[in-house]
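Please look over the sequence and the model below.

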Amino acid sequence: MTNELVLIFDFGSQFGQLIARRVREQNVFCQIVRHDLTAERVKALNPKGIIFSGGPASVYEPGAPQCDPKIFDLGIPVLGICYGMQLACQALGGKVGGGAHTREYGRATLTVSDANTLLRAYPTESTVWMSHGDQVQDTGDFISLASTETCKLAAVKHRTRPIFGLQFHPEVAHTPHGGQILANFLRDVCGCSGQWKMQTFIDNAIEGIREKVGKNRVICGLSGGVDSSVCAAMLLKAIGPQVACIYVDNGLMREGETEVVRHTFRDWFKADLHVVDAKQRFLSELAGVTDPQAKRKAIGKVFIDVFKHEAKSITNAKFLAQGTLYPDVIESGGSVDGPAATIKLHHNVGGLPAELGFELIEPLRDLFKDEVRRLGLDLGLPEKVVWRHPFPGPGLAVRCLGEVTEEKLITLRKADTIFLEELHKSGWYRQTSQAFAVLLPVQSVGVMGDGRTYEHTICLRCVQTDDFMTADWSRLPEDLLARVATAIINKVKGINRVVYDISSKPPATIEWE
């Protein structure tokens, strides 16, 4: 991939993936690894630098996550952030403590006292984002580089070793100049030249795909979403006619989804595209099912059966390609050196290959979503495909609360289309991360003309997020929401009320089911 690698040690930070994305923005390849990776393994991986993430624990408590202390003897530059700084300082002779006077949350003003190396070209005074209850109280062999009113040791460096620490978070948007610090660490301290470029990734991925696949055929499952579309485009560029794409139309897709897939891959890329119409089979399986988890299981079972049947028609197929992304791999514990705790099992990190008897190929497994979008554009995918909002595997079934019927899906699809069209026209679609309509199992009294109505409710959901692990509701303009609500009530039969979801994740989830 590249001979420049930075390791990000995960100590349970909510910003771990954000750190990785910020490093990638500096054109440096990085991987998130578990906090207890041995010094021997680190040496074998030969990274140019190491970043210790933050974390919720206190380093001085029994059982707090630690690193192999021999790592500090490897001569590899280390940057500790928040918990990571406290860990490094404590391991090398410093003292960390807590109390009422050590807490600092939110924005703070950083004053730089030593602008060499890590803080080169950094403003003498600037805003940074703090989120800590503990502080380094005795530096040991570290010297101070910067401070805030509450934290005298907001940035430090070791006297003799290439080890640095930041009590604040340079990776978040609330630290406006944080990118400068990461650039200084990666380039000046670690000596990275920034070889992580999309074209380099494409060239290496094509070579890897051709070497692995040989003359065999690859089946790629298309969902209409960004990840599977870019995965298919990558494979088509690498091995062309050896790829067969299967798209299962389950009747639970967004308006025009099947037509977009057909046009993009059959007309544009001239791909061997198999479109399977299985609408009635899915709807039959969902009849009478109201429990969200039962819906997902029913849809998954039918999908595997339909996909398996179609796959048998493709001769000499040995591989199944999936659009697995790096966050999927991290959260599923699917990386050899990655965080050990399995947070959740993603639908595209297992299941189908075992069911079908194929070997798995995942050309996007090293990329984040924003990198996948850039890759899609470089591969020639239309912008309307590349910038489509995420869509759940079970489709509209988990946005149609209660039993799923053809009538309800038609209603929901019309309302969803109106919402997305208005977002596009107003320029808000690209400013948001995910937007959709939900059909609620709630009827309410209304008045239309001179008559009383008792009809259904549509809920609009729109969020903004960097990683989809946390999300905030989008502050859409009132006049935009008014236009959407009016259009839905006027044009969609059976709807007399529209509401807007202003819940954040957590405590809510992005989807309703």
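## Basis and helix packing

Contact here means heavy atoms within 4.5 Å, and helices (H or I, at least four residues) and strands (E, at least two) are DSSP runs, numbered from the N terminus. The model is predicted, and for that reason local features need pLDDT of at least 70 and side-chain atom pairs count only at pLDDT 80 or more, whereas totals for chains, interfaces and linings use all residues. Residues are numbered from 1 along each chain as its sequence is written, and side-chain values use heavy atoms, with hydrogens and water left out.

On the α5 side, Met198, Phe201 and Ile202 meet Glu371, Arg374, Leu375 and Asp378 of α12. Helix α5 (residues 198-213) packs against α12 at an angle of about 75°, and the axes are 10 Å apart; the axes are lines fitted to C-alpha atoms, for helices over the stretch in contact, and angles run from 0 to 180 degrees between N-to-C directions. The two helices, α5 and α12, are therefore roughly perpendicular to each other, in a scheme where angles under 35 degrees count as roughly parallel, over 145 as roughly antiparallel, 65 to 115 as roughly perpendicular and the rest as oblique.

## Aromatic rings and charges over them

The structure holds 10 aromatic pairs, where rings of Phe, Tyr and Trp (its six-membered ring) pair if their centres lie within 6.5 Å, and planes under 30 degrees apart count as stacked, over 60 as edge-to-face and the rest as tilted. One of them is the edge-to-face pair of Tyr326 and Phe368, at 5.5 Å centre to centre with 80° between the planes. Because Tyr326 lies in helix α10 (residues 326-331) and Phe368 in the loop between β16 (359-361) and α12 (369-378), this pair ties together parts that are 42 residues apart in sequence. Tyr326 and Phe368 are both buried (buried is under 20% relative accessible area, exposed over 50%, partly exposed in between, with a 1.4 Å probe and protein chains only).

Trp473 and Tyr500 also form an edge-to-face pair, with 6.2 Å between centres and 75° between planes; it links distant parts of the chain, since Trp473 is in strand β19 (residues 472-473) and Tyr500 in strand β20 (residues 495-500), 27 residues apart. Arg475 lies over the face of Trp473, at 3.8 Å from the ring centre, and the charged end of Arg399 sits over the ring of Phe436, 3.9 Å from its centre; a charge sits over a ring if NZ of Lys or CZ of Arg is within 6 Å of the ring centre and within 35 degrees of the ring normal. One aromatic cluster is formed by Phe9, Phe11, Phe52, Phe72 and Tyr83.

## Cysteines

A search of the whole structure finds 0 disulfides, a disulfide being a pair of cysteine sulfur atoms within 2.5 Å. For Cys89, the nearest cysteine sulfur is that of Cys151, 10 Å away, and Cys89 counts as buried at 1% relative accessibility. For Cys190, the nearest cysteine sulfur belongs to Cys192 and is 5.1 Å away; Cys190 is buried too, with a relative accessible area of 8%.

Ser126 is placed in strand β7 (residues 125-132) and is buried, with a relative accessible area of 8%. Not counting residues up to four places away in sequence, Ser126 touches Ala108, Thr109, Leu110 and His177.

Asp378, in helix α12, counts as partly exposed at 49% relative accessibility. Leaving aside neighbours within four places in sequence, Asp378 is in contact with Met198 and Ile202. Asp378 and Ser126 are 252 residues apart in sequence and 37 Å apart in space, C-alpha to C-alpha.
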